[in-house]
Amino acid sequence: MMLARRLDWAALLRRVFGDDVTRCPGCGDHLRVLAFLTHPDVTARILDHLGLASCVPPIAPARAPPETLDLELGFDHM
């Protein structure tokens with residue numbers, strides 16, 4: 001029986017973006033997690049301070065599928 005192996009955040013980022021995501025662009029040293037910020041008030045204040053969006057964008061309502069168009073492509077005249 002094989003156990004599921006969990007990858008840390010650095011390994012997941014490396015899979016998606018490549019090795020350079022886990023290295024500091026200034027000194028080239030490896031980056032590490034210092035803290036996980038999960039409290040909504042704290043994260044909102046930090047994002048607001050950085051000038052980034054701190055509220056979740058509204059989800060647009062679903063729309064109906066496009067109307068069926070009867071297109072004449074002219075392939076039958078070949």
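Some ground rules before we start. Since the model is predicted, local features need pLDDT of at least 70 and side-chain atom pairs count only at pLDDT 80 or more, while totals for chains, interfaces and linings use all residues. Residues are numbered from 1 along each chain as its sequence is written, and side-chain values use heavy atoms, with hydrogens and water left out.

Let's begin with the overall picture. The protein has two helices and zero strands, taken as DSSP runs numbered from the N terminus (helices are H or I, at least four residues; strands are E, at least two). Of its 78 residues, 5% count as buried, where buried means under 20% relative accessible area, exposed over 50%, and partly exposed in between, with a 1.4 Å probe and protein chains only. The accessible surface comes to about 8300 Å², and 61% of that belongs to carbon and sulfur atoms; the areas come from the Shrake-Rupley method with a 1.4 Å probe, and for residues only the protein chains shown count as cover.

Next, have a look at L37. This residue sits in the loop between α1 (9-17) and α2 (40-49), and L37 is exposed at a relative accessible area of 51%.

Now, the cysteines. How many disulfides are there? The count is zero, a disulfide being a pair of cysteine sulfur atoms within 2.5 Å. For C27, the closest cysteine sulfur is in C24, 3.8 Å away, so that pair is too far apart for a bond. C27 is also exposed, at 60% relative accessibility, and C55 is exposed with a relative accessible area of 60%.
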